[in-house]
Amino acid sequence: MTKAKNVKLIDENGRRTDGRLPDEMRPLRVETGVLKNADGSAYVELGNNKVVAAVYGPREVTPRHEALSDRALLRCRYAMLPFSVADRKSPQPTRREIELSKVIREALAPAIFLNEYPRTAIDVFINVLEADGGTRTASIIAASVALADAGIAMRDLVAAIAVGKIGDILVLDINGLEDQYGDGDMPIAMMPKVGEITLIQADGVYSPQEVEQAVAMASRAIKRIYEEQVKALKSKYEAVRLEVGKDE
Amino acid sequence: MTLYVKDRQIVIPGDPIGEQGKFSIEGHVYRVNKKFFSKVLGVVYIDPDRKIVRVIPLKGKYIPVEGHRVVGKVVEVGLTNWIVDINSPYEAILPVSEVTSKPVNISRNELAKILDEGDLILAKVVSFDYTKDPVISIKESKLGKIPKGSLVEISPQKVARIIGRKGSMVSLIEEMLGVRLIVGQNGRIVVVGDDPLKEEIAVLAIKKIEAEAHITGLTDRIREFIESRLRE
């Protein structure tokens with residue numbers, strides 16, 4: 001692996017390139033119901049990442065022979081739009097996108113009661129409008145909110161965050177620059193209320209203690225992300241309640 | 001008390017509702033050991049008299065239930081049956097035997113003469129068990145083709161509010177506007193009236209009920225809404 005040694009990711013004060021402390025998350029914004037035609041939708045901003053997720057279904061499966069007789073077919077499509085990165089990205093799905101679609105699907109599947117909707121399909125479309133490191137985590141945050149917004153039966157929401165490594169220091173929620181020049185990246189997705197991990201990947205070298213520390217760091221951040229997700233889901237209905245001016 | 005929620009509280013998937021005890025917890029919940037959790041984004045309704053806690057989803061697709069009355073659209077005319085769209089992931093089948101008890105000679109009597117593509121029908125779900133598509137029937141009285149009216153589509157979860165307690169909301173709208181409502185459990189409602197203006201007000205009222213279904217005092221707001229619209 002070629003690495004530019006002159007890139008300094010942590011300065012003397014322990015601050016990172018964008019001024020964050022090692023265990024600080026980028027600002028997160030979650031919105032639901034942004035698309036009218038989708039059954040459920042969500043928009044997520046995680047730092048510079050901008051992601052839209054749309055959920056359709058449960059609906060009829062096309063082509064028909066793909067339908068599963070005992071549960072719903074969960075299909076995810078993760079796509080980075082051509083203008084989402086500095087150089088134009090070809091709109092054709094890359095190997096990376098195909099893999100991320102699979103990874104996101106498998107991170108979401110344990111949270112959904114798929115057996116409640118046999119012979120149907122649940123389609124999740126994720127489009128990255130702007131990418132800056134950690135789009136898979138932003139996508140999982142968006143997709144799980146969109147699924148809940150569509151009224152699909154779920155065990156819990158899924159929230160995700162990446163823990164990175166710069167030198168010997170573990171840092172939370174790495175951005176594009178740190179992803180490129182850092183020493184490790186470990187995206188973690190969890191069901192916060194249930195307390196189970198649905199996705200954990202890693203590149204880089206970690207000691208067992210570091211893995212433990214990373215999971216602890218991520219689960220703290222995931223609790224905060226979860227609160228944002230809850231707020232986004234509830235706000236639409238609370239707004240109607242305020243409009244009517246009726247309090248309980 | 002072993003309840004973690006208040007009446008009319010909005011819950012999201014994974015929210016704890018309560019523990020098994022004095023109250024029976026129903027609706028869209030799942031159980032882990034003795035604790036109940038919400039499965040959906042929904043509202044909690046607590047009935048303190050009957051000791052029932054119910055989680056009703058705010059959104060979602062219609063899943064057919066035997067005995068439900070649904071408003072369907074004919075999408076395909078087959079040789080011995082019709083395929084009907086009932087606003088659900090599952091398409092319904094309407095066999096000839098559930099339409100008429102008279103023998104139909106297929107070679108001479110085209111099924112399209114009885115019901116054609118695009119026709120709106122009020123039907124009853126006869127059977128549905130997830131392994132096969134639901135079978136519907138229009139053989140009972142009051143069921144059958146809907147010749148005219150304006151169709152409103154709402155979330156199927158809100159139908160209960162449109163009907164109201166023992167049909168109070170439906171009769172409120174029907175009496176105030178002189179229209180007739182054909183309510184399908186699948187979220188389709190047909191407003192039949194002579195006055196197009198009153199029909200429109202009824203449609204708007206239904207939309208208002210859908211938007212504000214999770215807030216108390218709905219009936220009074222709808223009555224006010226219709227009164228103010230009628231004055232205009």
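This is a predicted model: local features need pLDDT of at least 70, side-chain atom pairs count only at pLDDT 80 or more; totals for chains, interfaces and linings use all residues.

1. Since Asp123(A) belongs to strand β5 (residues 120-130) of chain A and Arg59(A) to strand β3 (residues 49-60) of chain A, the pair ties together parts that are 64 residues apart in sequence. Arg59(A), for its part, has a relative accessible area of 31% and is therefore partly exposed.

2. A second pair in chain A is formed by Arg26(A) and Asp173(A), whose side chains meet in a salt bridge at 2.9 Å, N to O. This pair links distant parts of the chain, with Arg26(A) in the segment before β1 (28-32) of chain A and Asp173(A) in the loop between β7 (169-172) and α3 (176-181) of chain A, 147 residues apart. Both Arg26(A) and Asp173(A) are buried. Arg26(A) and Asp173(A) also belong to a network of salt bridges in which Arg16(A), Asp18(A), Arg20(A) and Glu178(A) are linked with them.

3. Glu228(A) forms a salt bridge with Lys231(A), and the closest N and O atoms are 3.4 Å apart. Both residues lie in helix α4 (residues 208-244) of chain A, where they are three residues apart, about one turn of the helix. Glu228(A) counts as partly exposed because its relative accessibility is 23%, whereas Lys231(A), at 53%, counts as exposed. Over all chains, a search of the whole structure finds 35 salt bridges.

4. On the interface, 36 residues of chain A are in contact with 31 residues of chain B. The size of an interface is often given as the accessible area lost when the parts come together. Between them, chain A and chain B bury about 2900 Å², of which 56% is on carbon and sulfur atoms. Of the area that chain A buries against chain B, Arg119(A), Tyr237(A) and Arg241(A) supply 22%, more than any other three residues. The rule finds five salt bridges across the interface of chain A and chain B. Arg119(A) and Asp133(B) meet through their side chains in a salt bridge at 3.6 Å, N to O.

5. Some backbone geometry deserves a check against the coordinates. Most residues other than glycine have a negative phi, and most peptide bonds are trans. Arg119(A), a residue other than glycine, has a positive phi near 60 degrees, and its place is in the loop between α1 (95-108) and β5 of chain A. In chain B, phi of Lys166(B) is likewise positive, near 50 degrees. Lys166(B) is placed in the loop between α2 (159-163) and α3 (168-177) of chain B, and it is exposed, because its relative accessible area is 87%.

6. Gly57(A) and Pro58(A) are joined by a cis peptide bond with omega about 0 degrees, and Pro58(A) is found in strand β3 of chain A. From Thr62(A) to Pro63(A) the peptide bond is cis, with omega near -10 degrees, and Pro63(A) lies in the loop between β3 and β4 (73-80) of chain A.

7. Finally, chain B as a whole. Chain B contains five helices and 16 strands, and its C-alpha trace spans about 70 × 50 × 25 Å along its principal axes. Of its 232 residues, 46% are buried, and among contacts between residues at least 6 apart in sequence, 59% join residues at least 24 apart. Its accessible surface comes to about 11500 Å², with 49% belonging to carbon and sulfur atoms. Chain B carries 36 positive and 31 negative side chains, and the centres of the two sets lie 5 Å apart.

Key: Residues are numbered from 1 along each chain as its sequence is written. Chains are lettered from A and ligands numbered from 1 in the order in which they are written. Side-chain values use heavy atoms; hydrogens and water are left out. Helices (H or I, at least four residues) and strands (E, at least two) are DSSP runs, numbered from the N terminus. Buried means under 20% relative accessible area, exposed over 50%, partly exposed in between (1.4 Å probe, protein chains only). Contact means heavy atoms within 4.5 Å. Accessible areas come from the Shrake-Rupley method with a 1.4 Å probe; for residues, only the protein chains shown count as cover. Lys and Arg count as positive and Asp and Glu as negative; His and the chain ends are not counted. The place of a charge is taken as NZ of Lys, CZ of Arg, CG of Asp or CD of Glu. Buried area is the accessible area (1.4 Å probe) that two parts lose on being put together, summed over both. A salt bridge is a side-chain nitrogen of Lys or Arg within 4 Å of a carboxyl oxygen of Asp or Glu.
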